[in-house]
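Please read the following briefing alongside the sequence and the 3D structure shown here.

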Amino acid sequence: MARDEAYYEATKKIEVAWRTGKKKLDLSSMRLNKLPAAIKLLPQLQSLNLSNNRLTVLPDSLPHLKQIRLLDLSDNKLRKLPEWINEFNKLQVLNLQKNQLKALPEQLGELRQLRVFDLADNRLNVLPEWLIKLSELQKLSLRRNQLDKLPQWIGCFKNLRILFLGFNKLTTVPETIGKLNQLQRLDLFNNQINELPSSIAQLEQLEIIWLDNNPLNSELAISYAQGLDALKAYLCAKDAAPITLNEAKLILIGEGEVGKTCLLDALLDNPWQKHDTTHGIEIKPVQVTEQKSSKEIALNAWDFGGQRVYRPTHQLFFSAPAVYLVVWKPREGWKQNFVKEWIQLIKHREPEAKILVIATHGGPQQRQPDIDRQELRDLFGKDTVLDFLTVESKPDNDGKRRGIEDLKQAIAEVAVTLPEMGRTVPKSFQEVRQALKDIGKPFLPLEQVLTVCSDRNMDDEVARLFLTISHCLGHLIYYEHDPILRDMVVLKPDWLATAISFVLDDEETRRNHGLVRFSHLSALWNDPTRPEEMQYPEALHRIFLRLMERFDLSYRVAEPFAENETDPLSLIAQLVDDTRPEDALAQQWPGQAAAGDIQQKQICCIVDEKGQSADATGLFYQLIVRLHKYSLGRNDHRHSIHWQRGLLLDDSYNGRALLEHKGNDVHITVRAPYPERFLAMLTGEVRYLVESFWEGLRCNVMVPCVEPCGRNAPGTGLFNVEKLIASKRKKRPEYPCPVCNEWQDIDTLLRNAPAVSPIADAQLLTNALLERLFAEMRDQRHLLLEGINNLDADQKKLFSQVDACFNDLFQTFTDEAKEGPRLFSLVPVDPGFLDKPKWTSQKFRLILWCEHSRLPLFVFDEKKKQGIYELDFLREWVVSAAPFLKTLTTTLSLILPAAFSGVKLALDDPTYKAIDEQLRFGKDCFDATLKGGKDVGGWLGEDDSSDLPQESAMRAEGAVLRQLHVLLKEKDPGFGGLKKVLNKRREFLWVHPRFESEY
């Protein structure tokens, strides 16, 4: 719109408002750089929207609007506000988001009725003290400014419910934050915060706090990941008696027989002796003193066995804060010692790792340590490879070990710079850790560990949090959500690693390509020919097997005619056959897709921080384990098709997939009537695993060309999906093939990229889409109950689309799952609800659902009473929550047939119909509440989501869930017996106890 035309159109809108006496005026998105003077003719205005224009100043005509209560000036070019801003003395909502304000006039402090003040996306670097005059503020947004400090007086806002401070430069939070007694939401996302004040635990109304993308100290970060209750418990424990820790890991790695164990002996001043090959890991304490600060540092030294077969396992124990020693022996040379590869292994797992490269000598006649220092520093950076040292672990004739004292000092100098050195933790945590060390046993029953905690004044909640934190930091192993493992605490992780190494070294298991009976594992772990400390009692063997499953090293295979359930068969994924099973693969994956199936392909290109192709060591072994529920052998292992670099999967109506590890990349091909669902899930799994486990790597999703390129070879050219999306946003319809420069249609290419398509939840989950699926499912629902074998291609596509919708909705609530269940149905108790359109308060029946089976909790209960509650709700709450409730109810109704067909239950038809009718009634009720249906975009909540990444789940419907969690905890703190579990992505789910063991 031209400038004069925009001005004219705005004038016309003002004239209409003047003639009709309108109290609301919307002049947004008109590209105005000046307001018509006629605006002063509207003194009756209560709401004025001037957002998304080009205003640089506010005209003097605006003060005539004495009745204004809402003023939206967001997304303009304002650099300062006029002093007459105080003329708006009835103003309640002021939106100044996305301007260029560096300072605020003091007159703003006179707007005493202001309740919502949005200053996000400006250039403020300090908050003026007069802001405390705004005593009625309920929401204050200061996101995306340049604040590096929060004033103490922030605690004066007694009515504040929402405080958004994300995307600033804050390093601390004042203790006075605990005085905000009404605070419900606190956003500290993407700052530089390491610690939190204990006073946050006093905020009783707080529903959610966002701390992602902050350099939180490790204990605090783990507590936050467990949920708000755990975070508050940790802060309370630390407040009782904090203690400062100066400790870190010292990790020794390198090829076998380079002298790591002898070097550790030298660091400990132990006598010289020769050692056999290290199996797994050995851990010993080392003390060093940093000379400049005289700071004494406690190091746990981890000596890793160097055999190549151990590498995927050893990565599990790499963690910061740590000092890494890459040890090599000059006799063979640094390339033969794979120094570069070891540094890469560390760097990919821990990008911020600090590494010292150590050459060990056997005596004065040995070869000098020639190594290309410049190449290593050019490759990895001098901030990673800090120094190169040479040592003699064996004493000379005078009893001296050359270079050892220099190495100790180098280790101390690195350790003292680690970000977590000197952090504060609860004193009780350190006392319990020391007490467990003093007991000296490799494992203890949970009950005994809790007693040790209780003796140090820890209550049960804090004690379990201590165990969770210690597990995540690698101090011990404790799986609180695993029904088999949660009654035992492994106090020595090296003890477990050694047990695993015996399996990986076993010749018989290798000959069987990883298939091994439990009885054989038991014999390996209790081998009488080994030293006593390397023998493990029989009572632990099943626990070891379960731990290997938790570490993604193995899984129990299916045996349909197993004669002895006490001797199960497992697959050690790392030892599977290295050759492709050509005949079986050709039979199950023919050259062409079947009739009715569409084939789509994506390539997960794994690269380092420089964009160079990189190896995620052990990735495919983990994928074999993590995805085994989709294996063709999930009912009979003999039908499985997998090898070290390939895997064939099947997910019923969602399709069949071939995964291949080519070079460093993972190629994923899916065939199905609707391949998007399965392809998105598999690509997401690879991306998650790469980018969460190997933090120094990323996964670029590529799609192949879909038409034969200029070289007449379809699929030769690969397109980066992110670049395709960027071009599409710039209205470019085509993109050149990187192989032959032929132009390809971007939309066609992106159909192969469902996992990374730029589609917002509001588009994926529109009511229009759900209504269409609901209508199409009406006559198809019975088909799944009869079995999927009879489904045609169109029906499979429909059910797969429903699965995709459910997954999109479910993933929206990842954060809320920390505090309580996400799946529930809500219906009025009164069957005549639809005949009472003017109701003010109604009783609703809330029914909890199992998030694994996707069925109501009561279907697993003989008395049909489990997880059912009656709650009173005001009309105002139901109206605000109705868009979300309708979407949830519709989605549950859609997935119900698949849920019933997927869980083997003796359910009668009346039970199914009763649930179905209840969901349909709920949908009709929320439809009526919405008076024709408000689109889902209304509950996505721009206030909560516009500035944050999708995975943060900062959305309005989260408030609905949090409020329900509060109400349910009052009625039933146990949530109907649902169990809180962790899936492979470390996301919480709430499941019926019968499914707990599957996690």
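Arg-31 is found in the loop that joins strand S1 (24-26) and strand S2 (47-49), where strands (E, at least two residues) and helices (H or I, at least four) are DSSP runs numbered from the N terminus. This is a predicted model, in which local features need pLDDT of at least 70 and side-chain atom pairs count only at pLDDT 80 or more, while totals for chains, interfaces and linings use all residues. Residues are numbered from 1 along each chain as its sequence is written, and side-chain values use heavy atoms, with hydrogens and water left out.

**Positive phi in loops**

- Although Arg-31 is not a glycine, its phi is positive, at about 60 degrees, and Arg-31 is partly exposed, with a relative accessible area of 46% (buried means under 20%, exposed over 50%, and partly exposed in between, with a 1.4 Å probe and protein chains only).
- Ser-294, in the loop between strand S12 (281-290) and strand S13 (295-304), is a residue other than glycine with a positive phi near 60 degrees, and Ser-294 is exposed, with a relative accessible area of 55%.

**Helix H2 and its surroundings**

- Helix H2 (residues 218-226) is mostly covered, since seven of its nine residues are buried, namely Ser-218, Glu-219, Leu-220, Ile-222, Ser-223, Tyr-224 and Gln-226.
- The buried residues of H2 pack against several elements, among them helix H3 (228-240), helix H11 (460-472) and strand S17 (423-426), with contact taken as heavy atoms within 4.5 Å.
- At the start of H2, the backbone nitrogen of Glu-219 has a side-chain oxygen of Asn-217 within 3.2 Å, and the residue that follows H2 is Gly-227, with a positive phi near 120 degrees.

**Helices H12 and H14**

- The axes of helix H12 (residues 493-504) and helix H14 (residues 518-525) come within 10 Å and cross at roughly 120 degrees, where axes are lines fitted to C-alpha atoms, for helices over the stretch in contact, and angles run from 0 to 180 degrees between N-to-C directions.
- That angle makes H12 oblique to H14, because angles under 35 degrees count as roughly parallel, over 145 as roughly antiparallel, 65 to 115 as roughly perpendicular and the rest as oblique.
- On the H12 side the residues that meet H14 are Ala-499, Phe-502 and Val-503, and their partners in H14 are Leu-521, Leu-524 and Trp-525.
- The residues of this contact of H12 with H14 divide into six nonpolar, no polar and no charged (Ala, Val, Leu, Ile, Met, Phe, Trp, Tyr, Cys and Pro count as nonpolar, Asp, Glu, Lys and Arg as charged, and the others, Gly among them, as polar).

Conventions. Polar contact = N/O pair within 3.5 Å; in protein donor to acceptor, adjacent residues only side chain to side chain.
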